[in-house]
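Keep the 3D view open while you read.

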Amino acid sequence: MLFGRTSKNPIKIADKAVVEWKYATCGYCSTGCSIEVGLNNAGKAVSSRGVADADVNRGKLCLKGIFEHELFDSAGRGKVPKYRKHWHDEWKTSDWDSTLDTTHDEIRRIQQTYGRDAFAIISTGQLLTEEFYTLGKLTRGLIGTNNYDGNTTLCMASAVSGYKRSFGSDGPPGCYEDFEHTDCLIAWGSNLPEQHPIIYWRMKEAQEKRGFPLIVVDPRVTMLAQFADIHLPITPGTDVVLQNSMMYVILDEGLQDTRYIEANTNGLEELRAEVSHYDPTTAAKICGIDEDTIRSVARLYANAEAAMQIWTMGINQSTHGSDGVVGINNLSLLCGNIGKPGGTSLSITGQCNAMGTREWSSCSGLPNYRQLENAQDRKDISEFWNIDEDFLPQKRGMFQTDIYHAIEAGLIKGLWLIATNPLSSLPNSERVRRAMQKLEFCVVQDCYEDTESAQYANVFLPAGTWAEKEGVMTNTERRINLINPIATPPGDAKADLWVFNQMAKRFNTDGKVSFPDKAADIFLEMASISKGRLADISGMSHALLEQHRGIQWPYTEQQLNDKQPPPQGGKRLYTEDGTFRYADGRAKLIPLPFIDNNEVPDEKFPIWLNTGRLIEHWHGRTKTGKIGNNNKYSPIPFVEINPDLAAELGIQRGEYIRLVSRRSDAVVMATPTHRVPKNMVFLPFHFHDCANRLTLGLLDPHSRQPAFKQSAIRIESLADQKAAARLSMEMRSF
Ligand code: SF4
């Protein structure tokens with residue numbers, strides 16, 4: 001194809017000779033873009049494009065999605081099962097049967113020797129939902145460990161906890177269409193253009209049409225903050241103070257929606273008593289936002305006909321993460337901004353299927369938001385799965401962030417990691433490394449064999465990735481969408497579902513529990529136990545999902561039978577008065593006292609360390625680091641530093657510097673920019689052995705999510721730049 005100049009040196013795009021396009025859903029972020037992968041006549045995936053009639057992305061894809069087909073052939077893919085007795089031995093290739101037998105035997109040995117919960121399982125937000133459901137059935141119903149969690153604890157746990165505390169259940173109430181109805185948008189710690197580019201495009205298009213004010217709360221001048229009408233560069237970790245102060249103004253000036261509050265909530269007087277301590281003059285000294293701005297933003301929000309709040313990791317990854325979510329919900333409830341077009345409290349989730357794991361993995365409970373703590377839920381699921389009710393624990397076990405401390409303490413002896421890489425993604429990585437070295441037995445199941453965590457494995461199980469498998473995922477707005485198998489896993493690698501079913505055969509010795517092989521059948525099983533619940537998917541099937549380019553839950557059998565088209569399914573939750581999930585149908589207004597419990601800069605470590613994502617990379621770069629068109633934009637670890645601070649320290653652009661925290665150090669290239677204030681640096685977390693060497697990761701008391709974004713460091717110059725460059729290069733390697 002030629003375009004631009006056609007007579008002299010025209011720009012050429014190679015004809016990929018696509019003969020067939022196959023439908024899937026993007027496997028990176030939670031936006032949930034519908035994607036088609038082009039196959040040439042040899043059946044090789046050679047191109048990706050957005051699906052024009054998909055409501056989410058309307059034909060668009062971002063930098064990651066557009067090259068997603070290159071994943072299938074990327075370097076480092078695991079192709080054969082491997083085994084070794086000790087983690088420091090050489091790997092030996094193996095076969096599936098003996099490797100799975102060994103895995104089964106070791107799990108049972110550890111459980112019989114040290115107790116059922118001495119073996120832990122940690123999964124991900126990357127699996128397909130049918131795989132999550134099957135893994136949950138295997139773990140809860142047959143293996144029987146209660147120390148089972150997902151790496152979503154690192155990203156969405158605070159949102160889950162906050163929704164449960166406010167509304168009585170997890171489940172984001174809003175949808176992307178709300179951008180098209182809102183009169184005011186507050187984004188808390190969310191840099192949409194880089195992290196969720198297609199949601200950003202939806203928001204920006206709506207804003208250009210409607211002209212609603214965009215208010216961005218973020219310590220850094222992010223790309224979204226650059227486009228904001230009002231930017232609030234808040235002191236890290238003090239969002240709750242700002243929220244309380246906004247509520248002080250709203251209640252003091254009588255701007256609340258009294259009718260809505262009286263009809264739908266409990267707790268107003270307790271909330272009023274708490275926020276009375278947060279007048280804007282006092283709050284400004286803590287959160288760093290001046291008094292006038294607090295008042296203006298509170299009035300702008302409360303006076304809007306419909307106002308919307310979104311947030312991402314800037315809220316969740318904090319010692320006040322869960323409280324920050326409750327604070328957002330409090331503001332929404334005070335002003336009647338739940339369940340109406342343009343009025344919502346919408347967590348923008350992280351991984352492609354973070355929602356699927358919340359709904360169906362049984363990590364924190366039982367399928368479809370059922371709770372281990374609820375006797376009826378335990379009874380229902382044990383009957384359905386045909387297991388002994390007493391086999392289920394009566395409350396959830398450890399969160400991922402506590403599991404490593406339990407390994408350190410010798411309480412957990414074995415670990416099965418599924419599509420997750422804690423050595424890259426957990427804070428204080430040296431502590432995690434020491435913990436992993438203490439394990440008696442570790443299984444890593446992953447599509448890549450070269451992850452940092454695989455260094456400490458005894459067994460490696462090679463898995464398929466993304467569209468090498470069939471199943472569904474749920475996006476940020478509760479839209480379930482389909483992935484078709486487009487390629488086959490390389491070598492002897494297998495789909496994760498196959499691995500779970502093979503493992504189930506080894507534990508399911510009397511054959512009591514059913515484990516269907518096909519994702520479509522598993523989906524129907526899930527649909528059947530969703531009937532009448534908040535996340536009712538009983539009207540959905542794989543075929544219907546592809547036909548409608550995804551359907552938001554709830555979409556019930558009744559709606560299907562009544563021939564209501566799926567878009568009328570679940571655009572919004574809690575649309576009528578009295579529909580919250582507490583027994584009385586009311587939401588809770590919850591007082592949020594602020595206790596400053598972060599690590600903060602001091603004389604020895606005077607600089608805030610802020611961490612986050614770049615548009616071109618995904619998490620630990622296990623995938624995007626191997627795709628040239630993604631990696632070339634950010635091939636080496638760098639840090640954003642304020643030019644005034646750089647000048648004061650004698651640091652030049654492009655110079656390697658050492659960042660030192662109380663935990664460890666990291667060598668990175670200095671990139672001066674006014675995006676960060678003088679007392680802060682911003683470090684992308686994608687690079688191997690880098691950001692999480694430094695982070696402390698104190699945990700939120702409700703969600704156990706780490707405060708990745710609030711640590712303190714100092715900066716040191718490096719005389720030997722060549723040696724520093726070599727060290728930095730090692731950090732980019734896998
Ligand atoms: Fe994929 Fe997210 Fe990009 Fe959409 S915005 S193409 S879901 S990475």
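Predicted model: local features only at pLDDT ≥ 70, side-chain atom pairs only at ≥ 80, totals over all residues.

Two strands count as paired if DSSP finds at least two bridges between them. With that in hand, look at strand β8 (residues 119–123) and β9, which pair in the parallel sense over three bridges.

β8 and β9 belong to an open sheet of seven strands with mixed pairing, in the order β7-β6-β18-β17-β16-β8-β9. Because β7 (92–93) and β9 (148–150) stand at the edges with a single partner strand each, one side of each has no neighbour in the sheet. Helix α1 (residues 96–114) packs on this sheet, touching β6 (82–83), β8, β16 (414–418), β17 (441–446) and β18 (459–462). Helix α19 (residues 496–507) lies across β16, β17 and β18.

Now for the other sheet. It's open too, with five strands in the order β12-β11-β10-β14-β15, and its pairing is parallel. Here β12 (230–232) and β15 (344–347) stand at the edges; each has a single partner strand, so one side of each is left without a neighbour in the sheet. From one strand to the next, the twist averages 15°. Helix α7 (residues 239–252) lies across β10, β11 (214–217) and β12.

| α1 | β18 | about 130° |

Next, the ligand. Where does the ligand sit? You'll find it in the second largest cavity. The residues around it include C26, C29, C33 and C62, along with K64, P197 and I198. By class, that shell has eight nonpolar, three polar and one charged residues.

W553 and P554 are joined by a cis peptide bond, with omega about 5°; P554 lies in the loop between β21 (551–552) and α22 (557–561). S362 has a phi near 65°, a positive value in a residue other than glycine. This serine lies in the loop between α14 (354–360) and α15 (375–385).

How values were computed
Residues numbered from 1 in each chain as written. Heavy atoms only, no water. Helix = DSSP H or I, 4+ residues; strand = E, 2+ residues; numbered from the N terminus. Axes fitted to C-alpha atoms, helices over the stretch in contact; angles between N-to-C directions. Contact = heavy atoms within 4.5 Å. Near = heavy atom within 4 Å. 1 Å grid on protein atoms, 1.4 Å probe; cavity = no way out; pocket = protein on both sides within 12 Å on 5 of 7 lines; lining within 4 Å. Sits in = over half its atoms within 2 Å of the grid points. Nonpolar A, V, L, I, M, F, W, Y, C, P; charged D, E, K, R; others polar.
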